[in-house]
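Subject: Structure handover

Hello,

Here is the structure I promised to pass on. Please open it first, then read the notes below.

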Amino acid sequence: MLESVLASGGLVLLRDSVEWEGRSLLKALIKKSVLCGEQVHILGCEVSEEEFRDGFDVSINSQLVYHDLFRDPLNWSKTGEALPEGALGALRAMYRRTDPGPVIIALDSLSWLLLHLPCTTLCQTLHTLSQQDTCSGDSSPVKRVCVLGLLHEELHGPGPMGALSSLAQTEVTLSGTASQTSAHILYRRPRQRPTHKIQWFSILPDFSVDLQGGPPLESQPHPDPDTPLVDPTTHLTFNLRLSKKEKEAKDSLTLPFQFSSEKQQALLCPGSGQATSHIFYEPDAYDDPDQEDPDDDLDI
Amino acid sequence: MASVGPCGTGTGTTGSVAAAASKNNVTSFQRRGPRASSSDSGGSRLVSIAGTRPSVRNGQLLVSTGLPALDQLLGGGLAVGTVLLIEEDKYNIYSPLLFKYFLAEGIINGHTLLVASAKEEPEKILQELPAPLLDDNCKKEFDEDIYNDKTPESNIKMKIAWRYQLLPKMEAGPVSSSRFGHYYDVSKKMPQELIEASKWHGFFLPKKISSTLNIEPCSLTHGYIKLLQFIQKIIYEEGFDGSNPQKKQKNILRIGIQNLGSPLWGDDVCCTENCDNSHNLTKFLYILRGLLRTSLSACIITMPTHLIQNKAIIARITNLSDTVVHLESFIGSEREANPLYKDYHGLIHIRQIPRLNNLICDVSDVKDLAFKLKRKLFTIEVGCGVGHCLRNWLLSHLPSADGTKHILDSWGHREQKGPGWHTAAPEYQ
């Protein structure tokens with residue numbers, strides 16, 4: 001289910017493209033999490049804060065914790081508002097947070113971070129962020145952390161995409177037909193086979209998700225009527241089936257290497273008119289009649 | 001290199017080696033000093049370490065990989081001082097199993113373990129090791145597994161290729177710790193007391209490297225340097241390289257490194273095609289092999305080579321490792337729907353077997369190997385050769401039940417010889 005994408009925690013990748021944009025789905029998932037009472041932190045890099053908050057109503061907006069990296073990413077204005085250490089520092093600050101309860105960290109967008117930070121550093125930071133619930137040996141209640149990252153597929157090569165996919169617990173890839181959007185959800189659980197699901201949906205103006213069934217089935221291709229189905233068992237040069245008589249004859253045949261009692265008798269008493277085979281051997285001039293002594297032909 | 005036995009005898013088993021040595025011992029000169037082992041009569045000193053055995057081909061000291069079928073494919077086992085590289089499958093489901101089998105085998109044999117990972121804590125990895133199958137449970141488990149797999153037509157005796165029935169059955173039993181390879185039950189965890197009784201060292205990268213933002217650039221990735229230093233320290237302190245003379249009882253160090261080369265180790269070989277430090281991984285393997293060759297240790301490394309973009313690096317890594325095994329799972333690939341592969345979960349390719357003190361290596365004849373993860377066991381089978389494919393195609397395309405039986409009579413059936421191995425016996429009419 002699309003809503004339960006965030007339930008399992010870990011790193012969730014939301015892969016979108018130019019045709020199928022993912023920010024509305026991201027905002028819809030954020031809205032749903034806030035309504036469920038979870039804490040949501042947003043690291044905004046690509047769009048301004050006003051644009052991001054646009055469309056949410058006041059109650060939701062007041063509960064979002066927004067870290068703005070868009071206005072002043074390199075901290076040139078030197079005011080206290082901007083994040084002092086840049087993107088990496090912001091991520092690490094979130095890691096050191098010790099609030100109990102489940103936390104959703106939404107990264108808008110992960111592509112921006114991937115382009116501005118080295119891939120390995122980003123992978124390591126995301127891994128420590130998303131594994132926060134399992135470590136920490138103190139007796140605090142299990143804090144489930146879910147890192148939701150928006151990733152623009154076309155901006156990156158197969159290398160970084162593969163690296164992030166291998167770290168992610170869930171991947172949602174957006175695609176669709178002309179009229180509807182679909183989300184292909186791939187769940188990667190640690191020691192189990194991955195499962196995937198396709199969900200058709202649309203996002204309503206107030207950022208709630210409307211789940212739909214699939215597109216109408218006319219789009220399936222018809223089998224080509226021109227090429228007839230070929231039956232490979234016709235016109236064979238060998239026999240695939242045996243008649244009953246042939247089968248009986250086959251079963252009663254004694255095979256050459258099977259030692260039955262008749263054969264034993266035949267070998268033990270070679271007489272009684274049976275043509276036994278003899279071997280006639282005429283030694284050559286060079287043949288050695290004595291098997292034991294190899295030097296017999298030397299004249300010493 | 002830890003090699004065992006007199007060089008150049010070339011005889012078969014160790015029994016005959018010892019016998020030959022004793023036959024030559026007709027001299028009146030007696031060796032003074034303590035004898036290393038009582039079994040041998042002074043001709044050669046066999047190193048008797050628990051869980052090892054000399055290879056029957058070249059006397060190399062071997063340890064078991066934890067999977068007896070894999071041991072057979074590798075020519076008896078993994079040689080001490082070498083690296084076993086497992087190229088991971090795409091979703092990393094089956095390669096951790098081989099990793100855990102290796103470590104579990106070390107615990108059963110009493111070897112020292114060194115577990116290094118950047119993803120999971122070593123304690124967690126050790127908690128999830130499979131439980132060993134012991135004598136009393138084994139027969140029951142295997143019969144149950146075999147029974148579930150037996151298809152109804154396999155009860156027909158073979159009439160033409162009857163000699164295959166005379167083949168000795170593969171050993172189906174696991175058993176006491178004096179055996180070389182053991183069987184493990186994947187559905188159960190190793191008992192806690194065995195883990196606590198074992199000696200292990202863990203290396204978890206995020207803990208060893210504090211988040212320092214200013215790391216001076218050096219020729220090797222910081223994480224790799226730390227790992228190499230850690231391994232070197234353990235080898236030196238515990239005397240695996242013979243440096244500590246007080247150590248009387250020799251033991252093997254089993255090193256397991258998980259997900260080497262992934263971005264979590266700080267290496268960007270998986271992220272970019274033309275990375276700046278493209279020699280990190282190859283240098284690491286080179287230095288690691290140097291450490292292993294001078295000590296009594298064996299190493300297993302799992303590496304996500306499907307993420308490495310530069311194929312030349314994969315070739316270099318293969319050359320720098322000793323034994324390379326590639327797991328290819330069918331999940332998500334087009335082969336999953338292929339009816340030929342429906343019984344299996346993936347293919348296993350033995351990419352390289354080392355030639356240690358030898359001119360030729362012990363490559364097995366079978367090339368089509370497939371693996372299957374049953375509920376309790378990971379089995380490797382002779383999978384999908386031409387005979388099998390053709391048989392299955394004919395079976396699926398015959399319309400009548402009589403025809404089916406006829407084909408089975410002439411093609412024979414696949415016998416279950418044991419949990420680790422199948423022999424395929426196609427009969428030809």
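Rings of Phe, Tyr and Trp (its six-membered ring) pair if their centres lie within 6.5 Å. Keep that in mind for the cluster in chain B: Tyr94(B), Tyr101(B), Tyr184(B), Phe371(B) and Phe378(B) form one aromatic cluster. Please note that this is a predicted model.

**Aromatic rings**

Over all chains, the structure holds 11 aromatic pairs. Phe52(A) and Phe56(A) make an edge-to-face pair. Their ring centres are 6.4 Å apart, and the planes are at 65 degrees. The cut-off for edge-to-face is over 60 degrees, so the angle of 65 degrees qualifies. Phe52(A) has 0% relative accessibility, so this residue counts as buried. Phe56(A) is buried too, at a relative accessible area of 8%.

Now to a pair from the cluster. Tyr101(B) and Tyr184(B) form a tilted pair, 5.8 Å centre to centre with 50 degrees between the planes. This pair links distant parts of the chain. Tyr101(B) belongs to helix α3 (residues 95-109) of chain B. Tyr184(B) belongs to strand β7 (residues 184-189) of chain B.

**Charges over rings**

Look again at Phe56(A). The charged end of Lys27(A) sits over the ring of Phe56(A), 5.8 Å from the ring centre. Chain B has an example with arginine: the charged end of Arg254(B) sits over the ring of Phe102(B), 4.7 Å from the centre of that ring.

**Salt bridges**

Side chains of opposite charge can pair when their charged atoms come close. How many salt bridges are there over all chains? The count comes to 15.

Start with Asp68(A) and Arg71(A), whose side chains meet in a salt bridge at 3.8 Å, N to O. Arg71(A) is exposed, with a relative accessible area of 63%.

Next, Arg188(A) and Glu171(A) meet in a salt bridge at 4.0 Å, N to O. This pair links distant parts of the chain, 17 residues apart. Arg188(A) is in the loop between β7 (181-187) and β8 (195-203) of chain A. Glu171(A) is in strand β6 (residues 170-176) of chain A. Arg188(A) is buried at a relative accessible area of 15%. Glu171(A) is buried at 7%.

In chain B, the side chains of Glu238(B) and Lys199(B) meet in a salt bridge at 2.7 Å, N to O. Glu238(B) lies in the loop between α8 (222-237) and β9 (253-257) of chain B, and Lys199(B) in the loop between α6 (192-197) and β8 (200-204) of chain B, so the pair ties together parts 39 residues apart in sequence. Glu238(B) counts as buried at 15% relative accessibility. Lys199(B) counts as partly exposed at 44%.

Back in chain A, Arg15(A), Glu153(A), Glu171(A) and Arg188(A) are joined into one network by salt bridges that share partners.

**Helix packing**

Last, a helix pair. Helix α6 (residues 119-130) of chain A packs against helix α7 (residues 158-167) of chain A at an angle of about 15 degrees, with the axes 11 Å apart. That angle makes α6(A) roughly parallel to α7(A). The crossing of α6(A) and α7(A) is right-handed.

Best wishes

Definitions and conventions:
Residues numbered from 1 in each chain as written. Chains lettered and ligands numbered in written order. Predicted model: local features only at pLDDT ≥ 70, side-chain atom pairs only at ≥ 80, totals over all residues. Heavy atoms only, no water. Phe/Tyr/Trp six-rings, centres within 6.5 Å; stacked < 30°, edge-to-face > 60°. Buried < 20%, exposed > 50% of the residue type's maximum accessible area, 1.4 Å probe, protein only. Helix = DSSP H or I, 4+ residues; strand = E, 2+ residues; numbered from the N terminus. Lys NZ or Arg CZ within 6 Å of the ring centre and 35° of its normal. Axes fitted to C-alpha atoms, helices over the stretch in contact; angles between N-to-C directions. Parallel < 35°, antiparallel > 145°, perpendicular 65-115°, else oblique. Left-handed = near helix turned anticlockwise from the far one by under 90°.
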